[in-house]
Amino acid sequence: MLSVLIQTLNDEERLARTLASLIGGAVEGVVRDVIVCDTGSTDQTHRVAEHAGCLYVASGGIAAGIRQAKGDWLLLLEPGARLAEGWIDEVVAHTARQTMPARFSRARGSRVPFLSRVFSGNRALAEGLVISKRQAAALSKNARSAEAIARGLATKRLDAEIWVAPAK
């Protein structure tokens, strides 16, 4: 079972797009819970989360969300990222046999040219992150954000694709 964590700040439209891509995982019984960790939104992010049945955490940041997660594995996503069809089987297979974190492969239309990647700020969470709850909890003691947890980790590349969220 997987808990999905999404850290937001004024991301109501982007959050809705991401949540829509998770419906298949909820129907299949893979996604146990979705936790939206808000960092001070002034828009309707909380309404989008609550209407979708997510747990909305307004204080404590990503660490509070990790503590409340029910799954043994976590999927950290940026608001606006969308998982492509086929992600469920790939994540289930990975969590059954691996202990190391994993990232999704960028969908073909979401790939950035090499020089653009080199000269622009690379977002560590752009390709999502599948990580054990135990490892995420340990990393969250020194990290103030989901991005900080994802930065610098050695990961496996999953065959499933993600449509990366556009930069804010």
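Helices (H or I, at least four residues) and strands (E, at least two) are DSSP runs, numbered from the N terminus. This is a predicted model: local features need pLDDT of at least 70, side-chain atom pairs count only at pLDDT 80 or more, and totals for chains, interfaces and linings use all residues. Residues are numbered from 1 along each chain as its sequence is written, and side-chain values use heavy atoms, without hydrogens and water.

**Annotated domain**
- UniProt, in an unreviewed entry, lists residues 3-94 as "domain: Glycosyltransferase 2-like"; such annotations may be inferred rather than shown by experiment.

**Nonpolar cores**
- A nonpolar core joins buried (under 20% relative accessible area, 1.4 Å probe, protein chains only) Ala, Val, Leu, Ile, Met, Phe, Trp, Tyr and Cys residues through side-chain atoms within 4.5 Å.
- The largest one has 29 residues, and Leu22, Leu75, Trp87 and Phe104 have the most contacts inside it.
- Elements giving two or more residues to this core include helix 1 (12-21), strand 4 (73-77) and helix 5 (87-97).
- Another core, of 20 residues, lies apart from it; Ala69, Ala146, Ile149 and Ala150 are among its members.

**Around Trp87**
- Contact means heavy atoms within 4.5 Å.
- Leaving aside neighbours within four places in sequence, Trp87 is in contact with residues including Leu2, Ser21, Val31 and Ala160.

**Pocket lining**
- Strand 1 (2-8) and helix 8 (146-150) each supply at least two residues of the lining of the largest pocket.

Note on methods
Buried < 20%, exposed > 50% of the residue type's maximum accessible area, 1.4 Å probe, protein only.
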